[in-house]
Amino acid sequence: MLTSALPVRAILAAIFVLMAGSGFLSTLIAIRLEQDGQSAAIIGLVATSYFAGLMIGSMRVERLIANIGHIRGFAAFVTVYSASSLTYAIIDLPAVWLVLRLIDGFAMAGVFVCLESWLNQQASPANRSSILAAYMIALYCGQAGGQFLLNLGDNAPDLPFMVSAILLSIALLPILLTKMQQPVIEKTVPFSLKKLYKASPLGIVGTLATGAMLGAFYALGAVYVQRIGMPLSQVALFTFCVIAGGVVLQYPLGILSDRFDRRQVVNACFLIVGAICAVMALVPMPSFGTIVLGSLFGGFAFALYPLCVAHSNDHLTEEERVGASSGLVLTYSVGAVAGPMIGSLGMGLLGPDGLFGVIGTMAIMGAMFGLWRTLARASVPAEEQQAFQSLPRTTPMAAVLESEDLPE
């Protein structure tokens with residue numbers, strides 16, 4: 001894998017540093033709003049703004065990048081994000097932060113489209129899986145490791161925002177200095193929701209539910225940890241373990257889904273997530289127990305999106321898969337936009353335990369829908385299922401990288 005990823009090492013370095021500098025901001029912003037006495041509804045609204053910006057950007061930035069080029073586009077998006085990071089330290093107003101998070105989401109969509117376009121250019125049938133795996137590792141390792149930068153704010157509240165801006169600026173260097181040819185953006189046209197649902201009801205409903213669950217967690221998970229009395233250092237550790245758990249279990253669950261009816265694996269993941277959330281919401285436990293359960297939550301919840309995409313692909317032709325995967329990314333984004341507000345409603349009504357109460361309820365509803373689909377439709381034989389592929393939940397451009405039928 002390392003040899004296959006050498007042509008894209010500049011991109012991998014950029015995404016690692018970018019995610020280290022930006023991946024912890026959602027946690028940091030939630031913590032700061034909580035410390036300022038803001039309600040869960042306000043915190044959820046600010047988080048929703050980011051996911052809305054990401055969704056809008058993923059549909060709008062392609063034309064801008066095509067006009068100015070990938071290097072200029074990448075530099076512009078990262079510069080805006082870096083400036084935004086510093087602005088949080090200057091202006092401490094939720095209304096301003098809401099606008100900044102919308103800008104952050106739009107800029108990050110532009111970053112992902114630029115980087116994933118380059119990966120698409122370098123990918124061939126021989127190395128596509130290795131490049132995608134290396135991209136996933138760089139993305140999630142940067143995001144997970146960056147969580148520990150939260151601890152810098154113990155004695156200097158503005159320092160994490162400054163470090164974020166520094167890392168984002170450094171992430172420009174590998175791309176600005178690259179000699180790689182600028183790629184042509186692969187235009188992806190998503191399926192209509194009606195067509196996508198007809199092809200794979202569980203794929204689209206499962207993706208929507210997963211987006212809502214993880215959107216709620218990313219928005220309010222840190223608030224939950226603080227409200228149950230865990231210190232800032234353990235907030236960072238908890239978030240790190242959730243992301244790390246998601247990375248570790250994706251491939252084992254994917255391999256399991258390749259050998260058996262994939263819907264059963266999807267249903268089992270939903271049920272396990274629901275059970276984990278029920279324990280977290282109803283059973284008081286020490287910090288260690290919360291962190292262990294958080295790791296398991298991440299392991300099974302993060303696997304749901306690529307499992308749902310793989311299940312959808314089992315019912316599609318090669319020509320349809322890129323458009324369907326693109327549509328599923330957008331469906332996930334819709335769920336992620338709604339999730340923070342649903343989670344904040346649960347916390348407002350039931351206290352901190354309401355977050356995992358709501359997430360668990362959504363997981364059980366996903367499992368119930370999946371069980372119904374198991375009864376309503378015959379399964380695809382295991383030997384006819386498409387091979388599982390772990391996927392990022394970024395922009396529709398990742399769907400092109402995942403496709404295995406592109407010409408070399």
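Predicted model: local features only at pLDDT ≥ 70, side-chain atom pairs only at ≥ 80, totals over all residues.

Residues are numbered from 1 along each chain as its sequence is written, and side-chain values use heavy atoms, with hydrogens and water left out.

**Exercise 1.** Work out how helix H2 and helix H8 are oriented to each other, and what their contact is made of.

*Step 1.* Find H2 at residues 9-22 and H8 at residues 159-170. Helices here are DSSP runs (H or I, at least four residues), numbered from the N terminus.

*Step 2.* Look at the axes, which are 8 Å apart, with a packing angle of about 165 degrees. Axes are lines fitted to C-alpha atoms, for helices over the stretch in contact, and angles run from 0 to 180 degrees between N-to-C directions.

*Step 3.* Angles over 145 degrees count as roughly antiparallel, so H2 and H8 are roughly antiparallel to each other. Their crossing is left-handed (the near helix is turned anticlockwise from the far one by less than a right angle; clockwise would be right-handed).

*Step 4.* List the contact, meaning heavy atoms within 4.5 Å: Val17, Leu18, Ala20, Gly21 and Ser22 of H2 meet Ser164, Leu167, Leu168 and Ile170 of H8. Sorted by class, that gives six nonpolar, three polar and no charged residues. Ala, Val, Leu, Ile, Met, Phe, Trp, Tyr, Cys and Pro count as nonpolar, Asp, Glu, Lys and Arg as charged, and the others, Gly among them, as polar.

**Exercise 2.** Describe the second largest cavity and its lining.

*Step 1.* There are four cavities of 30 Å³ or more. On a 1 Å grid over the protein atoms alone, a cavity is a set of points where a 1.4 Å probe fits but cannot get out, and lining residues have an atom within 4 Å of a point.

*Step 2.* The second largest cavity holds about 50 Å³, a volume being the space filled by probe spheres set on the points, which are joined across faces, edges and corners.

*Step 3.* Its lining consists of Ser26, Thr27, Ala30, Phe217, Tyr218, Gly221, Ala222 and Thr239. Helices H3 (25-35) and H11 (201-227) are the elements giving two or more residues, and H11 supplies the largest share, four residues.

Methods:
1 Å grid on protein atoms, 1.4 Å probe; cavity = no way out; pocket = protein on both sides within 12 Å on 5 of 7 lines; lining within 4 Å. Parallel < 35°, antiparallel > 145°, perpendicular 65-115°, else oblique.
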